[in-house]
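Dear colleague,

Please find the structure below.

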Amino acid sequence: AALELGRAAYLGAAMTFDAHVAAPLLGNAAVMGAAMRLSAPLRQSRLGLKLTGSDAFKRGLQQQVLGRVAHTPVAAALGLSSLAKFSCSDLAMKVCLRALEILGPAGLEERHQVEKRFRDAKLTQIYEGTNQLNRRAVFHGLIGRGDAWTR
């Protein structure tokens with residue numbers, strides 16, 4: 001059941017994003033033109049990376065997206081992606097803990113790779129936003145006021 005939840009969550013997030021966020025943006029000639037003007041050499045240069053990585057650039061891009069796409073589908077896509085992230089990373093931890101229980105002390109040996117998978121699974125719970133923050137995003141994006149994008 002947990003595996004099916006994780007799979008449904010990530011597929012639902014991808015389909016929601018594609019249908020309600022990416023499609024309106026990719027169909028907009030102004031957005032496509034702006035993206036094309038930011039040529040590959042500039043994007044790959046030190047200056048281009050500094051510009052596109054800045055908070056001002058990210059805020060401007062966020063305003064462009066929210067100006068062209070309805071707020072509710074954006075919040076739903078973000079809520080579903082947060083649901084996918086924490087449900088799948090929690091499932092990975094459960095599977096690794098179960099594997100360690102089954103193998104016992106042998107599970108800590110490098111040849112079985114279980115301890116490495118355990119560390120990797122624990123890391124997925126932390127990076128790209130902790131699971132607790134993602135649970136909050138699910139509440140705001142899918143259940144609450146729907147303003148997970150701005151939080």
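The notes that follow cover salt bridges and a surface patch.

The model is predicted: local features need pLDDT of at least 70, side-chain atom pairs count only at pLDDT 80 or more, and totals for chains, interfaces and linings use all residues. Residues are numbered from 1 along each chain as its sequence is written, and side-chain values use heavy atoms, without hydrogens and water.

There are five salt bridges, each defined as a side-chain nitrogen of Lys or Arg within 4 Å of a carboxyl oxygen of Asp or Glu. Among them, arginine 119 pairs with glutamate 115 at 2.7 Å between the closest N and O atoms. These two residues are four apart in helix H7 (residues 114–126) and so separated by about one helical turn; helices are DSSP runs (H or I, at least four residues) numbered from the N terminus. Glutamate 115 is buried at 16% relative accessibility, where buried means under 20%, exposed over 50% and partly exposed in between, with a 1.4 Å probe and protein chains only.

Also in helix H7, lysine 116 and aspartate 120 are four residues apart and form a salt bridge at 3.0 Å, N to O. Lysine 116 is partly exposed at 32%, as is aspartate 120 at 34%.

Tyr10, Leu11 and Met15 make a nonpolar surface patch of about 320 Å². Patch residues have over 30% relative accessible area and no salt bridge, with nonpolar side chains (Val, Leu, Ile, Met, Phe, Trp, Tyr) joined within 5 Å and like charges within 9 Å. Areas come from the Shrake-Rupley method with a 1.4 Å probe; for residues, only the protein chains shown count as cover. Methionine 15 lies in helix H1 (residues 2–26) and is exposed at 57%.

Yours sincerely
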